[in-house]
Amino acid sequence: MSDPSLRDLANDYVLDLVPYEPGKPVDDVARELGLAPEQVIKLASNENPLGPSPKAVAAMQEAVANCHFYPDGGGFHLRNALAEKFGLERANVVLGNGSNEILELLFKGFTRPGAASIVTNENAFAVYELMAQLFGLDCLKAADGPGFAPDINAMLAAVRADTRLVFLASPNNPTGTRSSNEDIDRLVHGVPPHVIVCLDEAYYEFLDDAPDTLAYLREGRRVVLIRTFSKIQGLAGLRIGYGLTTTEIADVLQRSRQPFNANLIAQVGALAALADTEHMDRTKAVTLEGRERLRAAFEEMGLEQIPSEANFILVRVGDGDAVFQALLRRGIIVRSMKSYRQPEFIRVSIGTPEQMERFIRELPAALEAAGVGPTAAAS
Ligand SMILES: *Cc1c(COP(=O)(O)O)cnc(C)c1O
């Protein structure tokens, strides 16, 4: 008898998985175009254009000398600092290797392969569905309303007896749209008790009048607030995020993680970044200014854009992939939305004022080269 093929040995739901398509790294593009990395700008992954907090960098440099030690698996200092900042106890805080790991811990802790489902909305962050596939679960997606707005009634209607997790990102990626406080309230109050509501707040700090979602925890609701150091704190490369939740849910997530999931440098860097409110304020100011500049430029070019509350804008350019490629040839990396099933759009992260000016200068030629031209894209 011949050996079984590896295809027969692997889980089909893993074999069927379409891998997450990340933003193209600067180095790859520079190599492909024969440019110096400094000539390439990346506006593709919603990273912080100012870089990390200088205080975080200094703290991490010092910590490097201690890398022979395992990290504090309990994350004592960072969890304490987060608890204090949000008026919670340390037992309410769970650290993750990026906030994406918090998502994964929710699946590990609360779902069973083939015997559970999750609910989210049509144009939600791609990782929810990806994770559901990886765990062999159904991902039930409620159709969005006009302007990509998640339809809360449709999401509630999609909940089944086997649904354990409901995901809503606000602001959402890739749309940049924010759900109203009333909608979030309706979702949290509307789910049956066997469902945990996961509010992904990766861009929370960019909101001017952020909702008090911590109130749901004070009410003892089965809610997880998922936050990250990757965006406003500029620490995406460190992979550090956190969940704020009830002590009961936190206990399940803690049991579901690897003993040292948040690394030593990340814990030290995040702790210092959390205290550097000046860097966060500066990041927010630069982001809002750049976003307004980009919004006005798109408007002037007659391009349809989705009003954004985050550090990026989704814009309709006709053939998104062609425009993505045309910009790439000019050393500008944005994100094609083909894998998000929105092939007419690109997503552009907010950069420094100089990066925004260069993008705005080059976009008309890229549209032209892609054969869409500003007028074609707008029609
Ligand atoms: C960027 C982003 C995250 C952050 O992921 P990390 O793993 O913390 O880097 C989470 N959710 C959404 C919706 C995002 O856009």
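Arg31 and Asp28 form a salt bridge, with 3.1 Å between the closest N and O atoms (the criterion being a side-chain nitrogen of Lys or Arg within 4 Å of a carboxyl oxygen of Asp or Glu). The model is a predicted one, in which local features need pLDDT of at least 70 and side-chain atom pairs count only at pLDDT 80 or more, while totals for chains, interfaces and linings use all residues. Residues are numbered from 1 along each chain as its sequence is written, and side-chain values use heavy atoms, with hydrogens and water left out.

Back to that pair: Arg31 and Asp28 sit three residues apart in helix H3 (residues 26-33), so about one helical turn separates them. Helices (H or I, at least four residues) and strands (E, at least two) are DSSP runs, numbered from the N terminus. Arg31 is exposed at 61% relative accessibility, whereas Asp28, at 25%, is partly exposed. For these labels, buried means under 20% relative accessible area, exposed over 50%, and partly exposed in between (1.4 Å probe, protein chains only).

The structure holds 23 salt bridges. Another one joins Glu201 and Arg227, at 2.8 Å from N to O. Here the partners come from distant parts of the chain, 26 residues apart: Glu201 is in the loop between strand E6 (196-200) and helix H10 (214-218), and Arg227 is in strand E7 (residues 223-228). Glu201 is buried, with 4% relative accessible area, and Arg227 is buried too, at 1%.

Glu362 and Arg330 also make a salt bridge, with closest N and O atoms 3.6 Å apart. Glu362 belongs to helix H15 (residues 353-369) and Arg330 to the loop between H14 and strand E10 (332-333), so the bridge ties together parts 32 residues apart in sequence. Glu362 is partly exposed at 22%, as is Arg330 at 26%. Elsewhere, Glu129, Lys141 and Arg341 are linked in a salt-bridge network.

On to the sheet. Three strands make up an open sheet in the order E9-E12-E11, with antiparallel pairing (two strands pair if DSSP finds at least two bridges between them). E9 (312-316) and E11 (335-336) are at the edges with a single partner strand each, so one side of each has no neighbour in the sheet. Five bridges connect E9 with E12 (residues 345-349), and Ile313 has Val348 in E12 as its bridge partner.

Finally, Phe69 lies in the loop between helix H4 (54-63) and helix H5 (76-86) and is exposed, at 52% relative accessibility. Phe69 and Leu264 are 195 residues apart in sequence, yet their C-alpha atoms are 8.2 Å apart in space.
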